[in-house]
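Biologist: Can you take me through this one? I'd like to start with helix packing and then look at a few residues.

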Amino acid sequence: MSEILRVEDLKKYFETKKGTLHAVDGVTFTVEAGKTLGIVGESGCGKSTLGRVILHLHERTDGKIVFQGEDISDVSPAKLKALRKDMQIIFQDPYASLNPRMSLGNIIGEPLEIYGMCKSKEEKEKKVREIMDVVGLASRTYYLYPHELDGGRRQRVGIARALILDPKLIVCDEPVSALDVSIQAQILNLMMELQKERGLTYLFITHNLSVVKHISDDITVMYLGQMVEKADSAEIFKHQYHPYTKALISAIPLPKYDAPDNQIILKGEITSPINVTKSCRFAPRCIYAKPECFNTEPQLEEVAPNHFVKCHFVKEINNL
């Protein structure tokens with residue numbers, strides 16, 4: 001597999017009244033074409049901001065973004081418009097991301113009009129109906145409006161809109177978190193089928209570890225703007241080396257009435273992402289923290305083949 005996306009030391013800071021908020025702070029990873037990278041972490045860890053910075057919905061503060069071998073860190077408006085054909089996003093809230101004044105046909109077909117890809121209304125309608133069939137939307141819904149659909153079908157509209165330009169990379173920003181469990185399974189299976197058929201590459205952003213295990217090839221765990229652990233999906237569910245990842249995995253409910261309660265309860269105050277110091281940001285909540293953790297920022301270290309962890313005492317904690 002060839003590399004389709006690489007980000008190097010990517011940073012995104014926001015200026016607030018209280019100081020500089022470090023939303024994304026030094027994230028580095030690569031994604032192979034046709035694969036899915038899951039990005040997980042609790043609310044406020046910067047995972048959605050990371051996806052939006054890659055797509056230039058937010059402009060980066062520093063770092064490098066390379067897409068299909070081309071540096072797209074700084075692009076002109078014309079170049080960005082061209083990139084949009086290959087880089088799309090599925091938003092978290094399928095209702096808020098759809099224009100309530102437009103019918104489904106117009107919502108899905110709008111990208112075709114923006115890029116002048118159809119010579120007539122008939123050609124546009126044909127392509128829209130084809131993609132609606134692909135994502136499981138009945139042809140009769142073409143003239144309906146978003147408020148006339150349930151959440152699952154609204155999200156299918158969002159997926160159809162993202163697919164209509166035949167992109168190479170799709171950022172999936174918690175695309176099933178607003179849906180019922182049964183509908184979640186349908187949407188996930190649909191996305192995996194489309195990936196196989198079209199060779200799509202996903203950045204799958206979520207806080208649901210059960211979901212990310214189901215769909216991802218590799219998983220990145222984020223905490224307060226930084227990547228703290230990265231490995232392939234099977235490995236990270238088998239061996240967690242960072243204390244934060246251990247706590248996340250332990251919180252997954254087991255489908256057994258007599259399952260032991262091994263959940264790790266995190267205590268302590270969450271570090272402020274504003275005006276951060278050079279320290280481990282997880283240290284105030286870590287039971288293994290030592291003075292060094294509060295004074296020096298750890299570096300990402302490969303502790304096993306393709307398994308990276310950001311922790312001063314990872315080897316000591318895990319007896320490596």
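Biologist: Which residues in α5 meet which in α6?

Modeller: From α5 (151–163), Gly152, Arg156, Ile159 and Leu163 meet Ile183, Gln186, Ile187, Leu190, Met191, Leu194 and Arg198 in α6. Contact is heavy atoms within 4.5 Å, and helices are DSSP runs of H or I, at least four residues, with strands being E runs of at least two, numbered from the N terminus. This is a predicted model, where local features need pLDDT of at least 70, side-chain atom pairs count only at pLDDT 80 or more, and totals for chains, interfaces and linings use all residues. Residues are numbered from 1 along each chain as its sequence is written, and side-chain values use heavy atoms, with hydrogens and water left out.

Biologist: At what angle do α5 and α6 pack?

Modeller: About 20°, with the axes 10 Å apart. That makes the two helices roughly parallel. Axes are lines fitted to C-alpha atoms, for helices over the stretch in contact, and angles run from 0 to 180 degrees between N-to-C directions. Under 35 degrees counts as roughly parallel, over 145 as roughly antiparallel, 65 to 115 as roughly perpendicular and the rest as oblique.

Biologist: And how do α3 and α4 cross?

Modeller: Their axes come within 9 Å and cross at roughly 120°, so α3 and α4 are oblique to each other.

Biologist: Switching topic, which residues touch the most other members of the largest nonpolar core?

Modeller: Of its 35 residues, those are Ile108, Val135, Val157, Ile159, Leu163, Met191 and Leu194. Such a core is a set of buried Ala, Val, Leu, Ile, Met, Phe, Trp, Tyr and Cys residues joined through side-chain atoms within 4.5 Å.

Biologist: What is leucine 163 in contact with?

Modeller: Leaving aside neighbours within four places in sequence, Ile131, Val135, Ile170, Leu194, Arg198 and Leu200.

Biologist: Leucine 179, buried or exposed?

Modeller: Buried, because its relative accessibility is 8%; the cut-offs are under 20% for buried, over 50% for exposed and partly exposed in between, using a 1.4 Å probe and protein chains only. Leucine 179 lies in the loop between β7 (169–173) and α6 (181–198).

Biologist: How far is leucine 179 from proline 94?

Modeller: Their C-alpha atoms are separated by 9.3 Å, with the two residues 85 apart along the chain.
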